[in-house]
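Let's take a walk through the pockets of this protein. Have the model open in your viewer as you read.

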Amino acid sequence: MPNQSGIVRAAQDIAALAGHHAEQAEADRRLSDAVVEALKSAGFGGHFVAPEHGGGAGTFAELSTAVTTIARQCPATAWCAALAASLARMAGYLPEEGRKQVWHEGTDVLIVGGVTPTGRASAQQDGWLLSGTWSYISAADHADWALVCGVVATGTERSSRLFALPRGS
């Protein structure tokens, strides 16, 4: 396949590594650090990110090929790889300042998310106050950022808003 993206070229190696760690990952209920680093290094986090933020502007066909290859050895790793690319794509819809903060050091970051609007958000003088709980978020143990959705209530109006939270927030 000419002109393959980084994730497609790296998929076989990631699959082998993930397959090697699959049994332990299942027992631990989390991917190994080595597997997550391989996903990040291969560019899953930046696959759909726009070039102006350092991403590859990759295609769904490339993502599908890479994820399918990985899934043959470890479906959990394939799931997290697909989520990493998809949630980074969603982060592309953040306001410009948010996109700059998320990718200020490059696109080799892992973004996870809970995008069901179960939290509450209220505007404050210096930003937003976000509270609530979100259900299980895959790969949260390894996340650099999390996208979560909160309901904003203004009088009788309600809307949902996506928030990017850095690890440790």
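How many residues in the lining of the largest pocket are nonpolar, polar or charged? The lining has 12 nonpolar, 4 polar and 2 charged residues, where Ala, Val, Leu, Ile, Met, Phe, Trp, Tyr, Cys and Pro count as nonpolar, Asp, Glu, Lys and Arg as charged, and the others, Gly among them, as polar.

Before going on, note that this is a predicted model, in which local features need pLDDT of at least 70, side-chain atom pairs count only at pLDDT 80 or more, and totals for chains, interfaces and linings use all residues. Residues are numbered from 1 along each chain as its sequence is written, and side-chain values use heavy atoms, with hydrogens and water left out.

A pocket here is an open set of points on a 1 Å grid over the protein atoms alone, where a 1.4 Å probe fits, with protein on both sides within 12 Å along at least five of seven lines; lining residues have an atom within 4 Å of a point. Grid points are joined across faces, edges and corners, and a volume is the space filled by probe spheres set on the points.

The largest pocket has a volume of about 470 Å³. Its lining comprises 18 residues, and Trp128, Leu162, Phe163, Ala164 and Leu165 are the closest to its centre. Strand E4 (157–166), strand E2 (127–131) and helix H5 (96–102) each supply at least two lining residues; helices (H or I, at least four residues) and strands (E, at least two) are DSSP runs, numbered from the N terminus. E4 gives the largest share, 6 residues.

Now turn to the second largest pocket, with about 410 Å³ of space. Ala25, Arg29, Arg30, Ala76 and Tyr136 are the closest to its centre among the 19 residues that line it.
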